[in-house]
Structures are given as structure tokens and as C-alpha cells.
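Please consult the sequence and the model shown below.

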Amino acid sequence: MTALPTPLVEVRRGPFVESTHAGHAVICGPDGDILEAWGDPDLVMLPRSSAKMIQALPLITSGAAESHRLTDRQLALACASHEGAPLHVGAVSDWLEMLGLSADDLRCGPQPSRDKALRFGMIRSGEAPCQIHNNCSGKHTGFLTLARHLGANLDYIDPAHPVQKACLAAFEETSDETSPGFGIDGCSAPNFALTMTGMARAMAWFASASKRSDAQSAAAARLVGAMHSYPEMVAGEGRACTLLMRAATEPLALKTGAEGYFTAILPQRGLGLALKIADGATRASECATAALLVRLGVLDPAHPDVQRFLNPPVLNRRDIVTGDIRPVAGLTGA
């Protein structure tokens, strides 16, 4: 019998619970076994952008990263859902130039920058956003790098393309599952489905990679280190992934995805987390993820950047605090 989603987050107005967000979450240990779970561990879902480190794995295991002398900063960008700030736009532009390619070779589609200063500046100057501003442009530049290394054509988003075949193999090898299929992501690339447990197991596989000596594990450990070392490249200033990785009391790789998905990698403990909010709300996925990382002792609930997502205030039009968003009782372990 399929388990129903479990209430994870409450939105309160005064003393009343006005809304409740339910979801599914799984924490796996170094051996891939479930340590804790909420909702349905067997639920099959699309992990969306929270799986970008899996999609970046073939970039290293193929030899493409070494051949093109990619830095850890670039590898963090390959795992990113960045905000299209100048540092991201500049880094993607430089990477494309190194490949002898341009924004026209990307297949992610144009997207306005999420960086307000840059976006408003472009509007004032009449400049249209391009594909480099897309939050997935780092991942797609990684795909282009891999396609070049494999000697394949640049239609890298085709599910039958060698790049996507390599991504599917990485999904299945790290999760120890056979993916039942894929959906096309917002950036036009295939996104392969896994169970919640499969995704948490994949994150635990990444988390324990440094304890193994094979080439694929070494590649995974490098990606985890890159994300932890360059949190600003993974998301951007003010974003949950960047701020919570910086606030963590130990190394942490954290990745959000669309429709309320989140993943976390805890390399010191070999733990992996996968979380999905049933209604797709980002406010709930950020709160629940912060709560579970507090539960695991990785985040201090008193840290201001943790509080920003763990217990944000609800404000009205006059900036009066009318309520708050909070994890359900017991989710933080307190």
C-alpha cells in the first residue's frame, strides 16, 4: 500500500495553523539502508535540479574534466542552479569561450537573471537575456564539454545522445535502481525518475565516496568537495543552498530542485537525504530541509541564516509579523 505524504511544515497566522505542507523524505546511511523516513520511501519522483551532481558525474569519469583542465569552481557550476549573477554569467561565458562555443550552442533556453541589479540593468539598457543567464547554463556547458570529449554531436539533450546515456547510467549506478523513465526538465534536458529511497541512496553514495578508491567514487568526492568549497557558484547570494552550506557546522553539499525537491550530502557521516514536498512549495522544502539538517546536528537552529529558512516570519503589506513558517513538532528532533 502506498503511504500518504506526512505533514512536515506548518504556516501559522497568529495562533492558527493556516496551511500545512506534507511531503516525503528519506535519510540513508553509508550502506544505502534507510535510517529514517517520512511519507512514502517507495514513491517514484523526478528529482529535477537536485540531481545535478549525478548529471555532472560523467563529466569527470569520462576524462573530459581532466582533458579540459576544469577547475573545482567550474565543477561546482556544473552542479548549479545559479541565479544568473555577473559571477555566474562571466564563468559560463569564459567556459564556453574555452570550448570555442557560444551561448547559441546551449540548449537550455533564455531566462532573465535572478540577480536584481543585473536584471534591472538589462531592462534599462534594452538588453534581452540569453541562454547564459539560464540557471542551468553551467550544467549545460558541462554537457557540451562532455559531448566534445566524446566526439559526439552537440544535440546533447536528445535522450538517445551519448551524454544522456551516460547520465542515465550514473543515475542507476549511484542509486542501485533501474529508472522507470524520464521527464523533460525546464531546461529541456531529460530528468530521470527514481524512488525517494533511490535518490537518498545516491546521495549517501556521494557522501561516502571518499572512503572508496575506485575512479567513479573519486569523481563523486571531487564534486562534493567542489560544491562545498564554492557554495556561491551552486546557487548565489541570499539563496538557501549557498547560505545553508556556509552555515553548516561540517562539510555539506546541498541542492534544491523545482517542485519542492531537495537533496543533501553529508560526507563526514556518509549520509544522504532526499526530500519532496507534495505540493511543490519551495518555502516548505527549504524549511523541511533545514529542519532535518538541524535534526542531524549539521545546522545550528539559532544561526540567523538557518532561521531564515527554518522559521521565516509571515509579513503583511505593512511589514507587520502576522505569523510564521515552521517545521511540524518533532521534525527537528527537539
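This is a predicted model: local features need pLDDT of at least 70, side-chain atom pairs count only at pLDDT 80 or more; totals for chains, interfaces and linings use all residues.

## Helix α7

The buried members of α7 are Val-163, Gln-164, Cys-167, Ala-170, Phe-171, Thr-174 and Ser-175. These residues cover an arc of only 110 degrees around the axis, and therefore sit on the same side of α7. This pattern can be read against the geometry of helices in general: an α-helix has 3.6 residues a turn, so residues three or four places apart point the same way.

The packing partners of the buried α7 residues include both helices and strands: α1 (52-61), α6 (137-150) and α8 (196-207) on the one hand, β6 (190-192) and β7 (194-195) on the other. Just after α7 comes Asp-176, with a positive phi of about 60 degrees.

## Helix α9 and Ser-229

Helix α9 runs over residues 215-229. From its first C-alpha to its last, α9 reaches 21 Å with 15 residues, close to the 21 Å expected at 1.5 Å a residue. Ser-217, Ala-219, Ala-220, Leu-223, Val-224, Ala-226 and Met-227 are buried in α9. At the start of this helix, the backbone nitrogen of Gln-216 has a side-chain oxygen of Asp-214 within 3.4 Å.

Ser-229 also belongs to α9. Because its relative accessibility is 45%, Ser-229 counts as partly exposed. Its side chain reaches the backbone oxygen of Gly-225 at 2.8 Å. Ser-229 and Arg-246 are 17 residues apart along the chain, and 9.3 Å separates their C-alpha atoms.

## Salt bridges

How many salt bridges does a search of the whole structure find? The search finds 9. Three of them are described here, beginning with the pair that includes Arg-246.

Arg-246 pairs with Glu-237, and their closest N and O atoms are 3.0 Å apart. Arg-246 counts as partly exposed because its relative accessibility is 42%; Glu-237, at 48%, likewise counts as partly exposed. Another salt bridge joins Arg-12 to Glu-10, with 3.2 Å between the closest N and O atoms. Glu-10 counts as buried, because its relative accessibility is 17% and the cut-off for burial is under 20%.

A further salt bridge is formed by Arg-295 and Glu-36, whose closest N and O atoms are 2.8 Å apart. This pair links distant parts of the chain: Arg-295 lies in helix α12 (residues 282-295) and Glu-36 in strand β3 (residues 34-38), 259 residues apart. Arg-295 is partly exposed, with a relative accessible area of 30%, and Glu-36 is partly exposed at 26%.

## A buried lysine without a salt bridge

Lys-276 is located in strand β10, which comprises residues 271-277. This lysine is buried yet has no salt bridge: Glu-259 is the nearest side chain of opposite charge, at 4.9 Å.

What does the side chain of Lys-276 reach? It extends to the backbone oxygen of Glu-259, at 2.4 Å. Leaving aside residues up to four places away in sequence, Lys-276 touches Gly-23, His-24, Met-45, Met-196, Glu-259, Gly-260 and Tyr-261.

## Positive phi values in loops

Most residues other than glycine have a negative phi. Arg-69 is not a glycine, although its phi is positive, at about 55 degrees. The residue occupies the loop between α2 (64-67) and α3 (72-78). With a relative accessible area of 73%, Arg-69 is exposed.

Ser-188 has a positive phi of about 80 degrees and, again, is not a glycine. Its place is in the loop between β5 (182-184) and β6. Is Ser-188 exposed, partly exposed or buried? Its relative accessible area is 28%, so Ser-188 is partly exposed.

Conventions
Residues are numbered from 1 along each chain as its sequence is written. Side-chain values use heavy atoms; hydrogens and water are left out. Helices (H or I, at least four residues) and strands (E, at least two) are DSSP runs, numbered from the N terminus. Buried means under 20% relative accessible area, exposed over 50%, partly exposed in between (1.4 Å probe, protein chains only). Lys and Arg count as positive and Asp and Glu as negative; His and the chain ends are not counted. A salt bridge is a side-chain nitrogen of Lys or Arg within 4 Å of a carboxyl oxygen of Asp or Glu. A polar contact is a pair of N or O atoms within 3.5 Å; within protein, one must be able to donate a hydrogen and the other to accept it, and residues adjacent in sequence count only if both atoms are side-chain atoms. Contact means heavy atoms within 4.5 Å. The arc is that of the directions from the helix axis to the C-beta atoms. The expected span of a helix is 1.5 Å times one less than its number of residues.
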